[in-house]
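Colleague: Please take one part of this model and go through it closely. I would like the definitions along the way.

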Amino acid sequence: GVALKVFSNDIRMELLLAARAPENLTLDRVNDIQALIYHNLYTNGSMLFKRARKIGDAHVISVVLVGLGQYGQEMLKALTWYCQIEGYKLKIHAFDADEQAKARFEAMCPELMSPEHNHHFEPGEARYAIDIHPGIDVSVPAFEEEIQKLTDATYCFVCLGEDAINLTVAKKMREIFGRMTFEGDAHKPDIETVIYDS
């Protein structure tokens, strides 16, 4: 008997392993991107609720996602499920340099982005608002201008594909947030980034 764990979300690997299933082989495919996101939420996710801002009659979890690649998409999807607790509202602003980022995410998750659900804060229903800002590169002034409008931000997740870029942008976010005044208790947002190098 052999137990095989394959850390890949590549469609070629999925098809190859589905076609090869010997009798004495236990096979587990592990999506390492999804595993990282869910592990992070499982171990550190309670801080999203602890750091939520009291605005009006609700606690607001306001997330800034920088990058809508595989990690950003997975985080966006996970947060809409994870943050559904009575008395909390979830707001997500996602930024990506790709002009088609919003259209791609809408095609991937049409129900999540449906006007019937997105931006509808009705009792008993999922309470979230997702705004995707396509075509905004982190290196242009328009990016900082958009960030400065988000005075309720509580959490920032940076995932742009390379360690050096992720660290540079996370540091830039810290500088931008440092110059801003935030609503409620005025605390600065928590910032996390993805680092590939162990």
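Modeller: Buried means under 20% relative accessible area, exposed over 50%, and partly exposed in between, with a 1.4 Å probe and protein chains only. The model is predicted, so local features need pLDDT of at least 70 and side-chain atom pairs count only at pLDDT 80 or more, while totals for chains, interfaces and linings use all residues. Residues are numbered from 1 along each chain as its sequence is written, and side-chain values use heavy atoms, with hydrogens and water left out.

The part I take is helix H2, residues 32–44. Helices (H or I, at least four residues) and strands (E, at least two) are DSSP runs, numbered from the N terminus. H2 has 13 residues and reaches 18 Å from its first C-alpha to its last, close to the 18 Å expected at 1.5 Å a residue; the expected span is 1.5 Å times one less than the number of residues.

Its buried residues are Ile 33, Ile 37, Asn 40 and Leu 41. Seen down the axis of H2, they fall within an arc of 95°, so they line one face of the helix. The arc is taken over the directions from the helix axis to the C-beta atoms. An α-helix has 3.6 residues a turn, so residues three or four places apart point the same way. On the face of H2 turned away from the buried side are the exposed residues His 39 and Tyr 42.

The cover over the buried residues of H2 includes helices H3 (46–50) and H4 (70–82) and strands E7 (155–158) and E8 (190–193), where contact means heavy atoms within 4.5 Å.

At the N-terminal end, Asn 31 caps H2, with a side-chain oxygen 3.1 Å from the backbone nitrogen of Ile 33. A polar contact is a pair of N or O atoms within 3.5 Å; within protein, one must be able to donate a hydrogen and the other to accept it, and residues adjacent in sequence count only if both atoms are side-chain atoms.

For a buried residue in a strand, take Ile 92 in E5 (residues 88–96): Ile 92 has a relative accessible area of 0%.
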